[in-house]
Amino acid sequence: MTVWDRPEPPTRPVPLDRERIVAAAIALADEGGLEAVSLRKVAARLDAGPMRLYGYISTKEELFDLMVDEVHAEILPEEQPGDWREVLRIRAHRTRQATLRHEWLADLLGGRPTLGPNALAVTEDTLATLDGLADLDTVMRAVETVSAYITGAIRREIANLRAERATGLSKRDWQRAYGPHVSRMLATGRFPALAKAVHDGTEVDAETSFATGLDWVLDAVAAKLARPPA
């Protein structure tokens, strides 16, 4: 029986339910990452005994599942456009925005599908908007491709934000600190393509990079959807 199917015990003596437990866990994770979340710490925040939480949640992994599903409620917009590209674009940007609010989500994206009601609603909405545009296998590969891009791009952005905090160096400060080393390496002539990218490339912010890459992925998906079946 999954955590979503299992009934909740009585709330006495301290009012308690999974909604309050998950909200407390998300608050802890927002403050200190997933390592700050444990059933003991959640219980302390709710002023409840740790053993009481086991009536609602059996393991920390179940708690993480519930947390991820709760954040998925932030990803699905109330109104959806009719165009499939716009639906997937909105989903991608809302996923990024949700992860910037809850950085720990980056550590739990990908892998096996999440099976909570909000996550299933996001998946249903995604599949429904592509339904009938191509055969089912093509649609599934399209969804997987877009999801892989979203996950990878978001994880890279969050990793950079964490590196800034860990080192105390902004991106510009880091570039200045390592600039002399990079200049010496490029001066050897061994990395001409990299030298061209460093000297002539245009630097863009994370949001622009994410949006541009997403448009390219959607262009590729559109080409596959438009191709007649073999």
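Helix 5 (84-101) and helix 10 (206-226) cross in a right-handed way, where right-handed means that the near helix is turned clockwise from the far one by less than a right angle, and left-handed that it is turned anticlockwise. Their axes come within 11 Å and cross at roughly 145°; axes here are lines fitted to C-alpha atoms, for helices over the stretch in contact, with angles running from 0 to 180 degrees between N-to-C directions. The helices themselves are DSSP runs (H or I, at least four residues), numbered from the N terminus. Keep in mind that this is a predicted model, in which local features need pLDDT of at least 70 and side-chain atom pairs count only at pLDDT 80 or more, while totals for chains, interfaces and linings use all residues. Residues are numbered from 1 along each chain as its sequence is written, and side-chain values use heavy atoms, with hydrogens and water left out.

So what sits between these two helices? Helix 5 brings Trp-84, Arg-85, Leu-88, Arg-89, Ala-92, His-93 and Arg-96 to the contact (heavy atoms within 4.5 Å). Helix 10 answers with a list including Phe-210, Leu-214, Asp-215 and Leu-218. Sorted by class, that contact has 11 nonpolar, one polar and six charged residues. For this sorting, Ala, Val, Leu, Ile, Met, Phe, Trp, Tyr, Cys and Pro are nonpolar, Asp, Glu, Lys and Arg are charged, and the others, Gly among them, are polar.

Now follow Ile-150, which lies in helix 7. Ile-150 touches Ala-92, Thr-95 and Phe-210, leaving aside residues up to four places away in sequence. It counts as buried because its relative accessibility is 3%; buried means under 20% relative accessible area, exposed over 50%, and partly exposed in between (1.4 Å probe, protein chains only). The C-alpha atoms of Ile-150 and Arg-96 are 7.7 Å apart, although 54 residues separate the two along the chain.

Step back to the largest nonpolar core, which has 51 residues. Such a core is a set of buried Ala, Val, Leu, Ile, Met, Phe, Trp, Tyr and Cys residues joined through side-chain atoms within 4.5 Å. Helix 7 (136-167) gives the largest share of it, nine residues. Val-42 is among the residues with the most contacts inside this core, and its partners include Ile-21, Leu-28, Val-37 and Leu-63.

Helix 7 also packs against helix 6 (117-130), their axes coming within 10 Å and crossing at roughly 130°. That makes the pair oblique, since angles under 35 degrees count as roughly parallel, over 145 as roughly antiparallel, 65 to 115 as roughly perpendicular and the rest as oblique. The crossing is right-handed. Thr-126, Leu-127 and Leu-130 of helix 6 meet Val-139, Met-140 and Val-143 of helix 7, giving five nonpolar, one polar and no charged residues.

Helix 6 has another partner, helix 4 (60-72), at an angle of about 50° with the axes 7 Å apart. This crossing is left-handed.

One last stop is Asp-47, in the loop between helix 2 and helix 3. Its phi is near 60°, a positive value in a residue other than glycine. Asp-47 counts as exposed, because its relative accessibility is 64%.
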